[in-house]
Amino acid sequence: MKLHHHPDPFAEIASREHPASGTTLAEIPPPCHETIYFSPGAEAADRPGTIGYEEELARFRVQLEELRARYAPFLRDLTPVSGIRRNRRDIDQFQFRYRMPEDRDFRRVLAGEGDWERVSIPDFRGPTDERGRWTGYYRTVFAFAPSDPDLRVYLAFEGVDYKATVYLNGQCLGSHEGFFAPFDFDVTDLLREQNTLVVEVRNDYPMMGVAGTALDGDKMYAATGPGWDDPYSGWHHCPPGAGIYNSVYLEERPKLFVRDIFVRPNIDEGFAEVWVDAVNATDGLIEDAELTVNLLPKNFEGAAAASFACEVPYAGPGMNYFRYRIDIPSFRLWEPDTPWLYTARVRLKHGSQTDERDRHFGMRKFHMDEEGKPKGSLYLNNRPIVLRGANEMGHLQQCVMRRDYAQLIDDILIAKLANMNFYRITQRPVQEEIYDYFDMLGMMHQCDLPAFGFIRRNQFCEAVRQSAEMERLIRSHPSSVVVSLINEPSRTEKRKKGHRHLHRDELEAFFTAARAAIYVENPDRVVKNTDGDYNPPTREGLPDFHCYNMWYTDNTLSVGKMLKGYLPPVKAGWKAGCGEYGAEGLDNPDLMISRYPKEWLPQDPLGPWMPDRIVKAQTYPLHGDWYPEQETLADWVAASQRHQSLATRWMTDAWRRRADYIVSTAIHLLIDAWPSGWMKALVGADRIPKPAYFTYRSCLEPVRVHLRTDRWRAYGGERLEVEAWLLNDTPETLDDCRIVATLRDDERDYAHYSLMRCAVSPASSRYAGTIPLDVPRTAERRRLYVDACLVDRTGTVVNRERLELDAFPELPKPRAEAAYAGDAARRLCERLGLRARPLGSDAGEGGDGPVVVSSGETFAAFRPAILERARQGAPVLLVRGAGERDEWDFVRSSVATVKLKTRYFAAVKAGVPGLQWMKQDDLSYFYNEDLDRVDGVVDCHLEGEDLETIAFAYQYSRSRGEKLKLPVVAARRFGKSALYFVALPLDGRIGCNPALDRLLVSLMTRDREGRES
């Protein structure tokens, strides 16, 4: 099978872009607190039951059904049926073809000459090549007979991607740019008994560029779309497709009609502003129209909340904007758990013609505090809130396009079941039906202007116009709480894009203009200029960072710093959001086998297989930073999903611990729109969760006790300190509670601990105390658990957490005394507790005890003595020096270290004699005692002749299409023994990472055949 070597612009962005520190940016250190120790206790924490993945799935299905029943009442529409309806006719059958050279004579297109393809609307299709710039034509013929000659007839489009130019009966009606906003034309005077409609659709290169190349265009499009059913181009839906992907219809309307309604609630003062956009479709004034507004319960029974009536003095030609304040004496709040909705029914009557339109709304308030220190706290209905959610990239849009509203409901409920309270509808506005169901099901959302990286200089005004269109699309929806204006803005100078795109100061000018345009449409909108700012800081509003440090290694923030409690550089004086984070986990095997092309799958399900067969998957090139290469499809799925679960837990918990700064988080992402489409998703396209979904759900429990440590491998007899945190995402104070904890293994309890009378404020986190664990001595490696329970004042267990630890027996020591050369070698021997003397001393001259050498420079100084010892059979351990490069010179050859990016994992070569005791993850996430945090395992590799690899790091070359295994620990046979080269960074890591310690001792005690002596 030939490998698929597609450019990966997202990995390239992650490796290239890192927010820089500056005078207005500062890395945020971990919170300071005085250590409070748990007391020894008599009460045992509950021992949690073991729940397997299949049982989790069974519970998930039952709980989803329960959630359907719980929210069914909120899906009702109890608004009285209107007596006035507009006559509407959908147009959903078209012919399509891409433009051909002969279509320069446009009369051919209008006449329907040539070959065409029959399509149904919605129709969304991919680019004709991977670049995506094309022009196509949709053509249909329809009959239409108006029901009333006094009514106007409008041709309406709910959404065309990207530029649409519309022709009816040979006349150009006009054009529209932008894929998400509805638009229409008055066609009354052009209609005939038989009508020919032609829509020219133009797709352009997106502003961010295509396929990681320098080729870019004018299309306001980021990196997401609904996708199309093609495993090679459409499943991974970032390519810029196009088409008529939403409804097309004819509608009869009065000469004075209601185009839009926006209800702007004020819960503080008990009223609502009702904005009515009315169109006068004549060329003159319309006077003495009558307007009435009724505010009616929508999904609950009750009387009208308020009514209003007035005369409209006049309406001029075109659009008219009327605003009215209506008092509401009592009302039900819209909340995520109780999404009560109202209907605003507006009737507009002039003469014998009457128009009526409904718009549902919710009485709710969402705002951001820009006065506090730091700024940026979020409030729903005047109570603090933290947004916890996920990104959405196409699955909801596909539901609407397929008219599968049951699945749309389920997809939202799957999010709620994961304890999410908001979706980030990533990098694009979507069909309005999605917002309708968000409203009914209590799911808040962030809407993004479709911009990624850059905005074309010539599209400045168009981007401002589309910002206003976006706000008009979503403003009436109570679920809509935040908008953002660009995803991951990049440095034009660094990318040599200044001749094409706005520089950062000009982008800030765009933010100012876009905010003003949004304000005109909705003064209450919370605007976030950027989502994932790689060129900070923005001058206004809440900053946001993206962090994929457990996939694109150390992106934005090192893993160790994240676990310790650091945050990346953030604009001074502000809180922040984390709009994207996550890691890839392959699809479940059943989904692969049922949906993937056969050429992507192994012929033998149990036979060898590599995930490089999956087009655009990132697992094959990137897994090597985190876990070893696997053999079979099932093995790859299990390993990738284990890492996805670990990354999900560590990252989500890290952001929750920093609720003092982080006010919104969104994992990337929840549900995949297509098989293999975007496998960072926690739920497959078949809606079967991966294990990481259940991890995420547990992490988002609104009230939690959380255990944190930088070290989870220790020797028996050591003392470890584990922090306990209280995490509270609710708007209520949690007080007068206690935490009980137990250290145990699978057989027995070793100690109990307690912390009395702890509390945490609403929408916040707090360090509660530290559990001092005395690790029990053991004769063999064993798994330990710290189980903790949060107990409220009534004695009810609110939440449980388990932390897993590994206890190691005492380190075996070489029988013979070691000799060392250099200070680093001396310290290594001391930290390992070895009997050792300097090489060259009387006691260190002879014998077969191991020799430890500090660096290449030290090796050169002692080379004859070191090599003589090796000839006599003494193992020689050569550890690298402190710099980035070290070299061991053998006169005719040499071995040297070569710099690598930091990795948190190194693999041990299978079958190495004497190392069968090592587990796959033993060389991972080393604890650095000097830094008191997790640190890298690898930052360079070995290069030289005649090296036998013992441990290695993976290095993938996309240009060469191959993955190398670069030695980081290797042997070179010499005399009766061997020289063992160790390129791993050892400073701060010896004596506190038992597996690393034992590896080094194993090398020092190996005989000629590699056995431990």
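**Reading the packing**

Author: Trp655 touches Arg388, Phe545, Cys547, Leu557, Met562, Leu567, Cys578, Tyr581, Ile662 and Thr665, leaving aside residues up to four places away in sequence; contact means heavy atoms within 4.5 Å. This is a predicted model, in which local features need pLDDT of at least 70, side-chain atom pairs count only at pLDDT 80 or more, and totals for chains, interfaces and linings use all residues. Residues are numbered from 1 along each chain as its sequence is written, and side-chain values use heavy atoms, with hydrogens and water left out.

Reader: Which residues touch the most other members of the largest nonpolar core?

Author: A nonpolar core is a set of buried Ala, Val, Leu, Ile, Met, Phe, Trp, Tyr and Cys residues joined through side-chain atoms within 4.5 Å. Buried means under 20% relative accessible area (1.4 Å probe, protein chains only). Of the 166 residues in the largest core, they are Phe510, Trp655 and Ile739. Helix α12 (residues 633-657) contributes the most, with 10 residues; helices are DSSP runs of H or I, at least four residues, numbered from the N terminus.

Reader: How many residues of helix α16 are buried?

Author: In α16 (residues 994-1004), 10 of 11 residues are buried, including Pro994, Leu999 and Met1004.

Reader: How are two packed helices described?

Author: One gives the angle between their axes and the distance between the axes. Helices α5 (residues 405-417) and α6 (residues 432-441) pack at about 50°, with axes 10 Å apart. Residues making this contact include Leu408 of α5 and Phe438 of α6.

How values were computed:
Buried < 20%, exposed > 50% of the residue type's maximum accessible area, 1.4 Å probe, protein only. Helix = DSSP H or I, 4+ residues; strand = E, 2+ residues; numbered from the N terminus. Axes fitted to C-alpha atoms, helices over the stretch in contact; angles between N-to-C directions.
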